[in-house]
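Let's take a friendly walk through a protein model together. Keep the picture at hand and look for each place as we reach it.

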Amino acid sequence: MILDHAYEAITDDIFLRLGDLVPGSEVFLKLEGLNPAGSIKLKAAVSMVEDAEGAGEVLPGGRLIESSSGSLGIALALVATAKGYSFTCVTDPNTSPQSTALMRALGAEVVQVSHRDANGGFLGTRIAYIRERLAAEPDLVWLNQYANPANPRAHETHTATAILSEIARVDHLFVGAGTSGTLMGCLAHFRKHSPATKIIAVDSEGSVTFGHPAGPRHIPGLGTSRRPEICHPQAPDKIILVPEAEAVRTCRSFARRGIFVGGSTGSVLAAVARMAPDIPENSRVVALSPDLGDRYAQTVYNDDWVARTFGPEALSVGELVGQAGR
């Protein structure tokens, strides 16, 4: 395969079989981190930029701005620089230094807000900053992943289609919810083409996306402190909230088996393990892995950070995943 641009190298057909995570059933982990931007967010980034171009909102040499805790910022930085746009990413203290460095290496301006919003997160603060910049700089274009229909459309067109193309029959699909773009896009496609599939949304404790109590969160990726406009909270068949400490233990357990995944994937796999007793034998389960573990080396996989953030008990690696990956 020969491509003209790095952002065209979207991998959408790589699945890892996970042994005995759900006894008597097949579990497939869809690996989304094997592209030049390192995450599932590359699809949303390309979709939103191309949609803005098609609408005439972004002209040659244009200036883009977006709020991101890391992965979308990296993806947009990659797409923007390749297309000749400037890009500003508004982040917060939960964004890893490695993600910030990657964005800057790709030519992006990175602004970090530091004050928590009314729900204890940073999303409201990030968006307030963007609105201030838009008022002062009218040539800036905010892609607004939280309300942009091009975000879920990317996953309806690509992610969900790829799952059914490769796996064919899917009984349970586990999807982490951040902006909920991936979740809503998969829901739209599966409701049309595989209505029997149970869609399970995975969220972090402390997130308000599905109407649960707000609380501080430390791992970027899942959860919000303000419900995104594209989210329809009643749409999934089930919602599972995972404490971040449980996600950390799951990540570290899988790493011991040679499966190096990011924090969001840890939450998704923890949700699969929780629900395993209720999944009938001979089921086919798909779980989405938004990114790999490299960007979490100094947080999720760092003993000092984990003990300081969640307590020493979060360092324990239990038997959660059984023989998965062996």
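This is a predicted model: local features need pLDDT of at least 70, side-chain atom pairs count only at pLDDT 80 or more; totals for chains, interfaces and linings use all residues.

## A serine tucked away

You can find Ser-194 in the loop between helix α6 (181-193) and strand β8.

## An aspartate with two lysines

Now move to Asp-12, which sits in the segment before β1 (15-17). Asp-12 is buried too, with a relative accessible area of 14%. Its side chain makes a polar contact of 2.6 Å with the side chain of Lys-30, and another polar contact, of 2.8 Å, joins the side chains of Asp-12 and Lys-43.

Which residues does Asp-12 contact once neighbours within four places in sequence are left aside? They are Lys-30, Glu-32, Lys-43, His-158, Thr-159 and Ala-162.

## A histidine on show

Is His-115 buried or exposed? His-115 is exposed, with a relative accessible area of 60%. Look for His-115 in the loop between β5 and α4 (123-136).

Not counting residues up to four places away in sequence, His-115 touches Gly-121, Phe-122 and Thr-125. Arg-126 is 11 residues from His-115 in sequence, and their C-alpha atoms are 9.1 Å apart in space.

## A sheet of four strands

Next, trace the open sheet made by four strands, in the order β5-β4-β3-β6, with parallel pairing. Strands β5 (109-112) and β6 (140-142) are at the edges with a single partner strand each, so one side of each has no neighbour in the sheet. On average, neighbouring strands here are turned by 25 degrees against each other, direction ignored.

Strand β3 (residues 63-67) and β6 run parallel and are joined by three bridges. Among the residues involved, Ile-65 has Trp-142 in β6 as its bridge partner. Helix α2 (residues 71-83) lies across β3 and β4 (86-91), and runs at about 175 degrees to β4.

In soluble globular proteins, nonpolar side chains tend to be buried together. In this model, the largest nonpolar core has 38 residues, and Leu-18, Leu-21, Phe-174 and Phe-310 have the most contacts inside it. Elements that each supply at least two residues of this core include β2 (26-31), β8 (198-204), α7 (244-255) and α9 (303-310). Which element gives the most to this core? That is α8, with seven residues.

There is also a second, separate core of 28 residues. Ala-37, Val-58, Leu-64 and Leu-72 are among its members.

## The annotated domain

Finally, step back to a wider view. An unreviewed UniProt entry carries the annotation "domain: Tryptophan synthase beta chain-like PALP" for residues 24-291. This span is 40% helix and 18% strand, and its end C-alpha atoms lie 27 Å apart.

How values were computed. Residues are numbered from 1 along each chain as its sequence is written. Side-chain values use heavy atoms; hydrogens and water are left out. UniProt positions are given in the numbering used here, feature names are shortened, and annotations may be inferred rather than shown by experiment. Two strands pair if DSSP finds at least two bridges between them. Axes are lines fitted to C-alpha atoms, for helices over the stretch in contact, and angles run from 0 to 180 degrees between N-to-C directions. Contact means heavy atoms within 4.5 Å. Buried means under 20% relative accessible area, exposed over 50%, partly exposed in between (1.4 Å probe, protein chains only). A polar contact is a pair of N or O atoms within 3.5 Å; within protein, one must be able to donate a hydrogen and the other to accept it, and residues adjacent in sequence count only if both atoms are side-chain atoms. A nonpolar core is a set of buried Ala, Val, Leu, Ile, Met, Phe, Trp, Tyr and Cys residues joined through side-chain atoms within 4.5 Å.
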